[in-house]
Amino acid sequence: MSVRCAEILLLTALIVRSSSFLFSKIALETMEPFTLLCLRSLIAFLVLAFIFRKHLAQITKETVFHGALIGGAFFIVMVFELYGLRTTPASVTVFIENTAIVFVPLFSIFLTRRLPGISTVISSAAALIGVAFLTLKNGGGSFTAGELLCFGAALTYAAAILITDRAAKEDDALALGILPNGFMRLFSIPAAFFMETPALPGSTSTWFCVLILTLFCFVIGFTLQPVAQKYMDANRAELFCAVSPLSAVFLSTIFLGETIEFSGIIGALFIMGSLLSNIPIKRILVPAK
């Protein structure tokens, strides 16, 4: 695959995945979080396992183990995200969660035992300032419970990115995009029966949201991202990740009628600036080969 094709694939995957905040918000009005996660990951895994059954038949035990680690990490991310979405606007959730891109280099400090560069420190500080502005309510600066859950999703998302990055260097990228769906389903089943009363969607609109979340956000977005990133420079891939919050806010504004207060707009600008500041300008200007 050429770099240009990989970039188009990644951009498509990220835009599709950004719609998950919209459809999850709607589905959560009538479904419990663990039940929703179990249903969407189950359908996604069955669809992908059927399509790529010959490919999966050749995977190793090590790939399965890495798939379980990635699935476990993203299971925690999704739990934070879904519970946060119950009380937090989708537009706020997506900006807070995408600060994970800034936390990745900070977490890498513990792995490499090297101090971060000044640009990392500045971008991280800008992201935290952005989160503070984004969560201002009526002149106050306290976090709501939902916003704290979204912040937890950002931290665990950063950890999931690091786990995926290390595993993808050694394993089959496509398998690592499929297996986590199955493991998320395995982890969510006991949680759903222990903490909720599992039930299938009771309306056509809810089923529509579940199928969109499954076939587009999981099957296309979640699975194809590691495939695309295999053929791209990591720094350039980060630039495309900044598209996700903008796309999600656009969809939330149109279909959910959400609005961001002036302080939230300032916070969003700080966060976008922190994300883009991680990308050297030459990565943006130099065309892909």
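1. Let us start with helix H2, where Ser20, Phe21, Leu22, Phe23, Ser24, Lys25 and Ala27 are buried. Buried here means under 20% relative accessible area, exposed means over 50%, and partly exposed is in between, using a 1.4 Å probe and protein chains only. H2 is mostly covered, with seven of its eight residues buried. Helices are DSSP runs of H or I with at least four residues, strands are runs of E with at least two, and both are numbered from the N terminus.

2. A word on what you are looking at: this is a predicted model, in which local features need pLDDT of at least 70, side-chain atom pairs count only at pLDDT 80 or more, and totals for chains, interfaces and linings use all residues. Residues are numbered from 1 along each chain as its sequence is written, and side-chain values use heavy atoms, with hydrogens and water left out.

3. Now the overall picture. The chain has 15 helices and zero strands. Of the 289 residues in the chain, buried ones make up 50%. Contact means heavy atoms within 4.5 Å. Among contacts in the chain with a separation of 6 or more, 91% come from residues 24 or more positions apart.

4. Next, how H2 meets its neighbour H1. Two packed helices are described by the angle between their axes and the distance between the axes. Helix H1 (residues 3–18) packs with helix H2 (residues 20–27) at an angle of about 20°, and their axes are 5 Å apart. That makes H1 roughly parallel to H2. On the H1 side the contact is made by Val16, Arg17 and Ser18, and on the H2 side by Ser20, Phe21 and Leu22. By class, the contact of H1 with H2 has three nonpolar, two polar and one charged residues. For the terms: axes are lines fitted to C-alpha atoms, for helices over the stretch in contact, and angles run from 0 to 180 degrees between N-to-C directions. Angles under 35 degrees count as roughly parallel, over 145 as roughly antiparallel, 65 to 115 as roughly perpendicular and the rest as oblique. The classes take Ala, Val, Leu, Ile, Met, Phe, Trp, Tyr, Cys and Pro as nonpolar, Asp, Glu, Lys and Arg as charged, and the others, Gly among them, as polar.

5. Do have a look at the residue in the loop between H1 and H2, which is Ser19. Ser19 is buried, with a relative accessible area of 10%. Not counting residues up to four places away in sequence, Ser19 touches Cys217 and Leu251.

6. Helix H11 (residues 204–229) holds Gly221. Gly221 counts as buried, at 0% relative accessibility. Leaving aside neighbours within four places in sequence, Gly221 is in contact with Ala13, Val16, Arg17 and Phe216. The C-alpha atoms of Gly221 and Leu9 are separated by 9.3 Å, although these residues are 212 residues apart along the chain. Ser205 is also found in H11, and at 48% relative accessibility Ser205 counts as partly exposed. Ser205 and Ile26 are 8.8 Å apart in space, C-alpha to C-alpha, and 179 residues apart in sequence.

7. Setting aside neighbours within four places in sequence, Ser41 is in contact with Asn181, Met184, Arg185, Ser188 and Phe218.

8. Glu97 sits in helix H6 (residues 90–97). Glu97 is buried, with a relative accessible area of 5%. Beyond residues up to four places away in sequence, Glu97 touches Phe21, Val77, Glu81, Cys150, Ala153, Ala154 and Tyr157.

9. Finally, the aromatic rings. The structure holds six aromatic pairs, where rings of Phe, Tyr and Trp (its six-membered ring) pair if their centres lie within 6.5 Å; planes under 30 degrees apart count as stacked, over 60 as edge-to-face and the rest as tilted. One aromatic cluster is formed by Phe34, Phe75, Tyr83, Phe183 and Phe187. Of these, Tyr83 lies in helix H5 (residues 61–85) and is partly exposed, with a relative accessible area of 23%. Leaving aside neighbours within four places in sequence, Tyr83 is in contact with Pro33, Phe34, Leu149, Met195 and Glu196.
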